[in-house]
Amino acid sequence: MEFRDTCTNRTTKERGAKVKIGVTGADGFLGSRILRFYEEKYEMKGYRHSDMDFTDEEAVRTVLSKDCPDLLIHTAAISDVGACERDPEYSEKVNVDGVRIVAKICREINARLIFCSSDQVYVGNGETMPHREGERLSPPTVYGRQKIRAEELAFQEQPDTAALRLSWMFASDFREGKEHGNLISTVSQAVAAGEQIRYPVHDYRSITDVWEVVRNLEYLFRAPAGIYNFGSENDRSTYELVKEFLESAGIGTGILEKNEEAFREQPRNLRMNTEKAAKLGVHFLSSVEALKKAGTCWKHNPA
């Protein structure tokens, strides 16, 4: 894999060096795992907010012009949908303006951008089949609209961008107190506390093991620029998926209750068709396969 370094005007092969990869959101759910997974194969550099405020153009230019990554993986964002609704001005600054700035500087230093978008762009468009990248989009949420605008600006500022529409992710290696909750941590906490959990029966969405996202990222390092659905395919309701996990984990389904009210009037569909990414060699377990696997691991090594 070769990249041309604007700083030295030489390819990675000519300079005899590993590919240099920058990752924003270095202490986050996805970014921290990307850094850990690729640390021996590539020259990795993580950026926390204290290292580089990506909403400040001059700060980004100063840092990235100095480090000269061959590609930048932009994972940092305000992903809490409720927080975006409560403070759309601030989330716009982070989720939209920040992406524009990062993309602009990536073009200046000739770095490919891999931008982490979201399946939330598909909310509310009325499709009942798994979503494809070229669909009409009309999300009612602030977060969904911000992700669409961020995609548009990323390609406008840096045409060499791969935008990944990521699904809801889970991790079996949850780091207590250091990242947001996910399905596995929620179940673990409920089991420990002897509490019930409720999941909707009218909700259909991809749920993906974060480590599969990390492992498959490498296929996007030199893939054609564009938008890619990037996560597990799924044909089960969220309730059914959680049930599969509990049974595989040996926990039993006694703690699980059906939420039959949520999305009753208009079932939610966030399932994704991943044929486009599959043509690159990308492969994800289906949501049910991934959760069964996680459940089996949990059974032998409970969190």
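Predicted model: local features only at pLDDT ≥ 70, side-chain atom pairs only at ≥ 80, totals over all residues.
Local features are given only at pLDDT of at least 70 and side-chain atom pairs only at pLDDT 80 or more, while totals for chains, interfaces and linings use all residues. Residues are numbered from 1 along each chain as its sequence is written, and side-chain values use heavy atoms, with hydrogens and water left out.

**View 1. Packing of helix H4 (residues 88-108) with helix H5 (residues 142-157).** The two axes come within 8 Å and cross at roughly 15 degrees. This angle makes H4 roughly parallel to H5 (angles under 35 degrees count as roughly parallel). The crossing is right-handed (the near helix is turned clockwise from the far one by less than a right angle). Residues of H4 in the contact (heavy atoms within 4.5 Å) include Pro 88, Val 96 and Arg 107, and those of H5 include Val 142, Leu 153 and Glu 157. By class, the contact has 9 nonpolar, 3 polar and 6 charged residues.

View 2. The buried residues are Gly 31, Ser 32, Arg 33, Ile 34, Leu 35 and Tyr 38. Their cover includes strands S3 (20-24), S4 (43-47) and S5 (71-74), and helix H7 (210-216).

**View 3. Ser 118 in strand S6 (residues 112-118).** Ser 118 counts as buried, at 5% relative accessibility. A polar atom of the Ser 118 side chain lies 2.9 Å from the backbone nitrogen of Gln 120. Leaving aside neighbours within four places in sequence, Ser 118 is in contact with Tyr 143, Lys 147, Leu 164, Arg 165 and Leu 166.

Key. Axes fitted to C-alpha atoms, helices over the stretch in contact; angles between N-to-C directions. Helix = DSSP H or I, 4+ residues; strand = E, 2+ residues; numbered from the N terminus. Parallel < 35°, antiparallel > 145°, perpendicular 65-115°, else oblique. Nonpolar A, V, L, I, M, F, W, Y, C, P; charged D, E, K, R; others polar. Buried < 20%, exposed > 50% of the residue type's maximum accessible area, 1.4 Å probe, protein only. Polar contact = N/O pair within 3.5 Å; in protein donor to acceptor, adjacent residues only side chain to side chain.
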